[in-house]
Amino acid sequence: MAAPFIEIKNVSKKFKNHNQEFDVLKDINLEIQKGDIFGIIGFSGAGKSTLIRCINRLETVSSGTIHIGNHEIDKLSKKEMNLYRQKIGMIFQHFNLFDSRTVYGNVAFPLEVSGKSKQEIKKRVIEILELVSISDKKDFYPGQLSGGQKQRVGIARALANNPDILLSDEATSALDPVTSLSVLDLLKDINKKLGLTIILITHSLDVIKYTCNNMAVLENGLIAENGSVRKIFANPSSETAKVFIKNNSDLAKFDYLGGGAVI
Ligand SMILES: Nc1ncnc2c1ncn2[C@@H]1O[C@H](COP(=O)(O)OP(=O)(O)O)[C@@H](O)[C@H]1O
Ligand SMILES: [Mg+2]
């Protein structure tokens with residue numbers, strides 16, 4: 001197999017609060033290949049967001065290393081770090097758009113920060129709004145958009161600087177199931193068209209099943225298991241995956257349209 005694009009080795013993260021130490025990530029080892037849509041699933045508080053924040057260096061690891069391509073990200077200088085950040089797009093559950101900027105202005109923002117000319121910005125914004133199918137809303141403000149449309153803008157903004165990696169932290173959790181599917185379809189489409197590596201954090205098994213090829217289960221700061229989605233669904237070994245899969249099949253027994261159990 002090719003060398004992994006992202007290699008997380010023996011990563012631990014401790015937080016200190018009120019003179020108490022919390023081990024939030026414990027000896028995490030993960031390999032993510034270029035072009036993967038890699039799912040990370042776990043209960044609330046398992047450490048998913050902390051792990052993703054270590055990958056984009058919003059947090060520094062307490063020990064261990066994270067390699068992306070040829071770079072060890074904890075060794076980057078400030079200047080290298082700024083360039084590195086441009087190569088990592090991130091989308092969030094609550095979209096985190098600027099309310100006072102239009103759709104165009106939101107997507108233009110990261111390009112302004114990276115010093116692009118007005119002309120370059122215009123070309124890129126138009127191109128990327130087209131890619132996420134939201135060109136017709138270019139002059140709208142976030143307050144005038146639906147949740148699904150806001151997330152499309154979030155994705156467009158994350159892709160503006162042509163990143164190598166897209167990090168998604170519960171990006172479809174605030175959306176209804178149908179809108180959620182259309183956003184996941186968009187992510188799959190972008191992964192295919194641009195060869196973008198996506199790390200997708202979620203507490204929904206359906207999201208993983210629909211979108212990811214490989215996955216890891218995070219349990220109290222530990223990787224409980226990881227591998228192909230197919231393998232883990234067929235034969236889950238971790239408590240978390242078993243509980244998720246059992247609850248999922250229990251839910252499937254309910255006929256929501258009829259409002260009752262079908263068996
Ligand atoms: N800055 C922080 N200081 C102290 N504890 C934190 C901090 N950030 C997160 N934690 C703790 O780390 C644990 C994991 O949090 P998080 O990564 O947000 O989990 P998840 O995204 O899986 O819900 C939680 O117990 C949380 O309270
Ligand atoms: Mg979280």
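Which residues does N161 touch, not counting residues up to four places away in sequence? They are Q86, P110, L111 and S114. Here two residues touch, or are in contact, if their C-beta atoms, placed from the backbone, lie within 7 Å.

The structure is a predicted model: local features need pLDDT of at least 70, side-chain atom pairs count only at pLDDT 80 or more, and totals for chains, interfaces and linings use all residues. Residues are numbered from 1 along each chain as its sequence is written, while chains are lettered from A and ligands numbered from 1 in the order in which they are written. The pLDDT is the predictor's confidence in each residue, from 0 to 100. Its mean over the chain is 91, and 94% of the residues reach 70 or more. Residues 254-263 fall below 50; beyond near neighbours in sequence, this stretch has 6 contacts in the model.

The chain holds 9 helices and 12 strands. Helices (H or I, at least four residues) and strands (E, at least two) are DSSP runs, numbered from the N terminus. The radius of gyration of the chain, taken over C-alpha atoms, is 19 Å, close to the 18 Å that the globule rule gives for 263 residues, so the chain is as compact as a globular protein of that length. The globule rule is 2.2 Å times the number of residues to the power 0.38. Of the 263 residues, 38% count as buried. A residue is buried if 20 or more other C-beta atoms lie within 10 Å of its own, exposed if 12 or fewer, and partly exposed in between; C-beta atoms are placed from the backbone.

N161 sits in the loop between helix 5 and strand 7 (165-169). It has 19 C-beta neighbours inside 10 Å and therefore counts as partly exposed. N161 and L111 are 50 residues apart in sequence, yet their C-alpha atoms are 6.5 Å apart in space. L111 belongs to helix 3 (residues 103-113), where V103, Y104, N106, V107, A108 and P110 are buried along with L111. The cover over these buried residues includes helix 4 (118-131) and helix 5 (147-159). After helix 3 comes G115, with a positive phi near 80°.
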